[in-house]
Amino acid sequence: MRKMMNIAIIATIAVSAMFAGEVTGTVKFIGKGPKAKPIRMDADPVCAASHKAAAKAESFIVDKDGNLANVIVYLKGVKYSGKAPSTPAVLDQAGCIYSPHVIGIQAGQPVKILNNDATMHNIHALPKVNREFNKGMPKSLKEISTIFDKPEDVFVIKCDVHPWMKNYTQVFDHPYFAVTGTDGKFSIPNVPDGTYEIVAWQEKFKKKVLTQSVTVKGGAAAVNFEFKRPKKKK
Ligand SMILES: [Cu+2]
């Protein structure tokens with residue numbers, strides 16, 4: 001009986017692998033990028049004291065090979081009938097910085113917001129489709145929970161106490177998204193076979209999202225993106 005079940009499971013995995021694939025790739029920045037500036041946290045000694053060396057701004061993290069971090073890569077207009085995960089997404093406030101700086105979540109997925117600092121934060125989410133909220137988190141309040149129940153393009157979550165604290169959140173009605181790491185790489189697993197529009201968003205290129213077409217056919221599909229510094233107007 002058990003053997004038959006195992007065979008059935010293996011068969012199911014094999015079949016689903018035939019009709020789904022992983023979309024992977026690297027996002028690069030071509031050209032000379034700006035240097036990350038240190039964040040001045042003097043306004044709150046607790047924040048400043050939580051960093052041995054000053055934290056660097058996270059709006060443009062690029063390594064020497066041009067690999068670009070914190071890029072949201074996602075499929076657009078894809079149909080998905082599954083449920084949102086019950087596992088919460090986590091947005092941490094640690095060292096007076098949001099971690100992660102850029103996050104993708106699913107509509108209806110719980111979001112845990114943590115305060116790991118011995119100071120007050122005021123978390124202020126600025127969506128347009130979902131409901132805006134503004135909540136003080138004194139150091140005694142270590143965790144709150146929220147849900148964004150509608151899909152929405154990227155919006156800002158900021159802290160009204162510490163003006164440098166900024167996060168970018170995008171809410172999806174499907175699980176086919178990823179955020180690049182410091183190696184510029186992303187991976188979107190379990191994409192059903194098909195041809196899709198795939199989008200790359202980075203906060204310094206708000207008006208210049210990159211799009212391509214990707215076809216998944218029972219296996220891996222690779223897509224790479226290159227952001228370029230806009231040409232100066234003469
Ligand atoms: Cu804060």
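**View 1. The lining of the largest pocket holds 12 nonpolar, 2 polar and 6 charged residues.** Here Ala, Val, Leu, Ile, Met, Phe, Trp, Tyr, Cys and Pro count as nonpolar, Asp, Glu, Lys and Arg as charged, and the others, Gly among them, as polar. The model is predicted, so that local features need a pLDDT of at least 70 and side-chain atom pairs count only at pLDDT 80 or more, while totals for chains, interfaces and linings use all residues. Residues are numbered from 1 along each chain as its sequence is written, and side-chain values use heavy atoms, with hydrogens and water left out.

View 2. At least two lining residues come from each of strand 4 (97–99) and strand 11 (166–172), strands being DSSP runs of E with at least two residues, numbered from the N terminus.

**View 3. The copper ion has H121 (ND1), C159 (SG), H162 (ND1) and M165 (SD) as its protein donors, at 2.0 to 2.7 Å.** Donors are N, O and S atoms within 2.8 Å of the metal (3.2 Å for Na, K and Ca), and sites may look incomplete because water is not among the atoms. The arrangement is tetrahedral because the 4 donor atoms subtend angles of 94 to 135° around the copper ion, where the term asks that all angles of four donors lie between 85 and 135 degrees. Along the chain, the donors follow the spacing H-x37-C-x2-H-x2-M. C159 is buried at 4% relative accessibility, and H162 is buried at 1%; buried means under 20% relative accessible area, exposed over 50%, and partly exposed in between (1.4 Å probe, protein chains only).

**View 4. Salt bridges in the structure number 4.** Such a bridge is a side-chain nitrogen of Lys or Arg within 4 Å of a carboxyl oxygen of Asp or Glu. One of them joins D42 and R40 at 2.6 Å, N to O, and R40 is exposed, with 65% relative accessibility. Another links D65 to K64 at 3.6 Å, N to O; D65 is partly exposed at 48%, whereas K64 is exposed at 80%. K150 and D149 also meet in a salt bridge, at 3.6 Å from N to O, and K150 is partly exposed at 39%.

Definitions and conventions: Tetrahedral: all angles 85-135°; square planar, octahedral: opposite > 155°, others 65-115°. Helix = DSSP H or I, 4+ residues; strand = E, 2+ residues; numbered from the N terminus.
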